[in-house]
Amino acid sequence: MCKLFSFPVWFVLSLIWTGIVAYLGYTSAPYVPMDMSASDPATQEALRAAMTRHVIMYGLLAAGPPAIALIFGRLLCRRA
């Protein structure tokens with residue numbers, strides 16, 4: 001069972017997971033539509049807030065599951 005949770009396997013699966021999340025985050029990033037003024041301070045602040053939420057959400061989504069899997073694998077293999 002510990003071979004299933006070995007570090008190289010975890011590392012490769014984490015890279016694949018992070019790549020998928022990065023692609024989805026890139027393709028769904030907030031933007032300013034062409035019919036809105038990009039130089040308006042309120043629009044800039046709204047875009048900045050949306051980008052901050054977007055980056056935090058996708059960052060946690062990319063880092064959370066691999067970290068949980070690593071901790072679970074270490075705990076499982078320690079007891080074996």
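Visitor: Which residues does Thr43 touch, leaving out those up to four places away in sequence?
Guide: This is a predicted model. In it, Thr43 touches Val32, Met36 and Ser37. A contact here requires heavy atoms within 4.5 Å.

Visitor: Why is Thr43 called buried?
Guide: The relative accessible area of Thr43 is 13%. Buried means under 20%, so Thr43 is buried. Thr43 lies in helix α2.

Visitor: What makes Arg48 and Glu45 a salt bridge?
Guide: The closest N and O atoms of Arg48 and Glu45 are 2.7 Å apart. The rule asks for a side-chain nitrogen of Lys or Arg within 4 Å of a carboxyl oxygen of Asp or Glu, so the pair qualifies. By this rule, the count comes to one salt bridge.

Visitor: Where do the two partners sit relative to each other in helix α2?
Guide: Arg48 and Glu45 are three residues apart in α2, which spans residues 41-79, and this means a separation of about one helical turn.

Visitor: How far apart are Glu45 and Trp17?
Guide: The C-alpha atoms of Trp17 and Glu45 are separated by 31 Å, and the residues are 28 apart along the chain. Trp17 is found in helix α1. Leaving out residues up to four places away in sequence, Trp17 touches Leu61, Ala62, Pro65 and Pro66.

Visitor: Why is Trp17 not called buried?
Guide: Trp17 has 33% relative accessibility and counts as partly exposed.

Visitor: How do you know that the length of α1 is close to what is expected?
Guide: Helix α1 has 21 residues and reaches 30 Å from its first C-alpha to its last. At 1.5 Å a residue, 30 Å is expected.

Visitor: Which residues of α1 are buried, and what puts them on the same side?
Guide: Trp10, Ser14, Val21 and Gly25 are buried in α1. They cover an arc of only 40° around the axis, so they are on the same side of α1. The face turned away from that buried side carries the exposed residues Pro8, Leu13, Tyr23 and Tyr26.

Visitor: What makes Ile16 a member of the nonpolar surface patch?
Guide: Ile16 is partly exposed, with a relative accessible area of 47%. Patch members need over 30%, so Ile16 passes that limit. Ile16 is found in helix α1, residues 7-27. The patch also includes Phe7, Val9 and Phe11, and its accessible area is about 960 Å² together.

Visitor: Why is His54 counted as buried, and which residues does it contact?
Guide: His54 has 11% relative accessibility. The limit for buried is under 20%, so His54 counts as buried. Its place is in helix α2. Leaving aside neighbours within four places in sequence, His54 is in contact with Gly25, Ser28, Ala29 and Pro30.

Visitor: Are Gly73 and Leu75 buried or partly exposed?
Guide: Gly73 has a relative accessible area of 4%, and is therefore buried. Leu75, at 39% relative accessibility, counts as partly exposed. Gly73 is found in helix α2, and Leu75 lies in helix α2.

Visitor: How far are Gly73 and Leu75 from Leu24 and Cys2, respectively?
Guide: Gly73 and Leu24 are 27 Å apart in space, C-alpha to C-alpha, and 49 residues apart in sequence. Leu75 and Cys2 are 10 Å apart in space, C-alpha to C-alpha, although 73 residues apart in sequence.

Key:
Residues numbered from 1 in each chain as written. Predicted model: local features only at pLDDT ≥ 70, side-chain atom pairs only at ≥ 80, totals over all residues. Heavy atoms only, no water. Helix = DSSP H or I, 4+ residues; strand = E, 2+ residues; numbered from the N terminus. Patch = residues over 30% accessible without salt bridge, like charges linked within 9 Å, V, L, I, M, F, W, Y side chains within 5 Å. Areas by Shrake-Rupley, 256 points an atom, 1.4 Å probe, with all protein chains shown as cover. Buried < 20%, exposed > 50% of the residue type's maximum accessible area, 1.4 Å probe, protein only. Expected span 1.5 Å × (residues − 1). Arc of directions from axis to C-beta.
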